[in-house]
Amino acid sequence: MAIVEVKVPQLSESVAEATMLQWKKKVGDAVAVDEILIDIETDKVVLEVPAPSAGVIVEILVADGGTVAAEQVIARIDTEAKAGAAVAPAAAQAAVAAPVATASAAVVGGGAMAGVPMPAAAKLMADNQLAAGSVAGTGKDGRVTKGDVLSAVAAASAPKAAAVAAMPARAVATLLPQVAAPAVNLGERPEQRVPMSRLRARVAERLLQSQSTNAILTTFNEINMAPVMDMRKRMQERFEKEHGVKLGFMSFFVKAAVHALKKFPMLNASVDGTDIVYHGFFDIGIAVGSPRGLVVPILRNADQMSFADIEKKIAEYGAKARDGKLGMEEMTGGTFSISNGGTFGSMLSTPIINPPQSAILGVHATKDRAVVENGQVVVRPMNYFAMSYDHRIIDGREAVLGLVAMKEALEDPARLLFDI
């Protein structure tokens, strides 16, 4: 028997632990080298864990939902075994115990801390009314982790889940999220308690940080999108044929933002303690919705990118966000952000600054509206722009003129060509 250990990948310096999502294989399954075994979620990205060697999984040491650290062993592969062969006793024990995370190989020594829940696990046990000592631990020295509690709750709630399944479809199917968490049968009023994902918890933390540390103020303006829409309509077919990607509005927004940031560098600055950091480059964050939550990948050196470069990169980021494939380096940094709520039909919003940046542009849905031009009421496709900024370092004058510069660039796109 030749055993190879499957370990958690190296995490970034700012990430201490991660959460196991869902095993794609079970004990006894054959795996190929580099085949993805499980996804691990940190508070920033989802990491894939590939099989280091081909063989058969003989042990799974941490169940779905378990909390792990960098380089921790989570499974073992026998490179000489064949699928369907008898599993070694220790491995069989781990396989049976996996639903409640009691794999003996994960508990060392059974010391004084064995069975003692970690803080997050203790709170989760209290929330689910689990008695002390009722959950076996797989953490260091046998301590109970949040993953152990989640696994135990999921196993214990199977009868309740069956009861809920018997309820009328209208009372359950459209109300409960499709996740492995305890469901409570309350007749016509079912509910489900689901822990925040690491990403959602991190987003919540950063939003609160932004509002508590920045003096956020928002300025608004309305943009006549007719010139951009006309240009896009004229160039769309040739652009797509030439570059292999559709010409969207986002590249215009990015170009207009960079145009304004060059004129008013403070909008592209950030605060570091009592210092103001002026950035001589333009890394634009593009807020993207994903199944895991909001992510903000970065367009590096956006001032040097063509319209085609921007559209291709945004399409790439969108696909990666949907598949959970965005890397840490693709979401780190950024000097200014753009959030396009218009894709979901938003009319107006006040976006929250993404620290340590000092400003963010909110773009909304373009709708035909009645406006006054030269004393006449006419109908134009209008979009309301909102720019939130940190009033500690950005004065109202700079914010308003910066947004006006974006408005002028979009209402007369030729300005972007001549940088005026």
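**Close-up views of a predicted model**

**View 1. Helices α8 and α9 cross in the right-handed sense.** A crossing is called right-handed if the near helix is turned clockwise from the far one by less than a right angle, and left-handed if anticlockwise. This is a predicted model, in which local features need pLDDT of at least 70 and side-chain atom pairs count only at pLDDT 80 or more, while totals for chains, interfaces and linings use all residues. Residues are numbered from 1 along each chain as its sequence is written, and side-chain values use heavy atoms, without hydrogens and water. Helix α8 (residues 250–263) packs on helix α9 (residues 307–323) at an angle of about 120°, the axes lying 9 Å apart; helices are DSSP runs of H or I with at least four residues, strands runs of E with at least two. Met250, Ser251, Phe252, Val254 and Lys255 of α8 meet Phe307, Ile310, Glu311 and Ile314 of α9, contact meaning heavy atoms within 4.5 Å.

**View 2. Four strands form an open, antiparallel sheet in the order β5-β4-β2-β7.** Its edge strands, β5 (46–50) and β7 (67–68), each pair on one side only, where pairing requires that DSSP finds at least two bridges between two strands. Strand β2 (residues 18–23) pairs with β7 over 2 bridges in the antiparallel sense, and Ala18 stands opposite Val68 in β7.

**View 3. The protein chain averages a pLDDT of 82, and 80% of the residues score at least 70.** pLDDT is the predictor's confidence in each residue, from 0 to 100. Over residues 88–110 the pLDDT is below 50, although this stretch has 40 contacts in the model beyond near neighbours in sequence.

Terms used:
Axes fitted to C-alpha atoms, helices over the stretch in contact; angles between N-to-C directions.
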